[in-house]
Amino acid sequence: MDIIQIVGLGLIATFLALVVKEQKPIFAFMLTVFVGVLIFLFLIDEIAKIVKMLEGIAEQANMNMMYLQTILKIIGIAYIAEFGSQIAKDAGQAAIASKIELAGKILILVMAIPILTAVIEMVLSLLPS
């Protein structure tokens, strides 16, 4: 699905949500969530292509695949946390949205510790004894 179709779907859903919101706010919210998930599902194939391309580049560079997998997990956490936060904000729950964002940041930091450790060890090995 190309960007024109995605934007069209988003705009139609926005218009419908605005119309329905006056009568049934819960249906407007459910429509918003459904369209958000639908757009994400349309992008799964593109995400898979990006991951394959990055794996190919990592193999050519003789990079440890553990690092690439960790980086991809970090990116995934960031996108999922942002998606969840935006849904909470759409529902008028800014406090919950900020907690989702905080949880995402902490999980990203936890996932990054092995990479940071490897970078520090590499820098220390380059320093003269």
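Here is a short chat about reading some features of this predicted model.

Reader: Let's start with charges. How many salt bridges are there?

Author: Here's the general idea: side chains of opposite charge can pair when their charged atoms come close. In this model the count comes to two salt bridges. One joins Lys-49 and Glu-46, with their closest N and O atoms 3.5 Å apart. The other joins Lys-89 and Glu-101, where the closest N and O atoms are 3.3 Å apart.

Reader: What does the pair Lys-89 and Glu-101 tie together?

Author: Lys-89 sits in helix H4 and Glu-101 in helix H5, so this pair links parts that are 12 residues apart in sequence. Lys-89 is partly exposed at 41% relative accessibility, and Glu-101 is partly exposed too, at 24%.

Reader: And how far along the helix are Lys-49 and Glu-46 from one another?

Author: About one helical turn, because they are three residues apart in helix H3. Lys-49 is exposed, since its relative accessibility of 53% is over the 50% cut-off. Glu-46, at 38%, counts as partly exposed.

Reader: Where should I look for the largest pocket, and what lines it?

Author: Find Gly-36, Ile-39, Phe-40, Tyr-79 and Phe-83: of the 32 lining residues, these lie nearest the pocket's centre. The pocket's volume is about 1,100 Å³. H1 (3-21), H2, H3 and H4 (65-90) each supply at least two residues of the lining. By type, the lining has 23 nonpolar residues, six polar and three charged.

Reader: Last one: where is Pro-128, and how far is it from Lys-89?

Author: Pro-128 is in the segment after helix H5 (94-126) and counts as exposed, at 74% relative accessibility. Pro-128 and Lys-89 are 39 residues apart in sequence, and 52 Å apart in space from C-alpha to C-alpha.

Note on methods: Residues numbered from 1 in each chain as written. Predicted model: local features only at pLDDT ≥ 70, side-chain atom pairs only at ≥ 80, totals over all residues. Heavy atoms only, no water. 1 Å grid on protein atoms, 1.4 Å probe; cavity = no way out; pocket = protein on both sides within 12 Å on 5 of 7 lines; lining within 4 Å. Points joined across faces, edges and corners; volume = space filled by probe spheres on them. Helix = DSSP H or I, 4+ residues; strand = E, 2+ residues; numbered from the N terminus. Nonpolar A, V, L, I, M, F, W, Y, C, P; charged D, E, K, R; others polar. Buried < 20%, exposed > 50% of the residue type's maximum accessible area, 1.4 Å probe, protein only. Salt bridge = Lys/Arg side-chain N within 4 Å of Asp/Glu carboxyl O.
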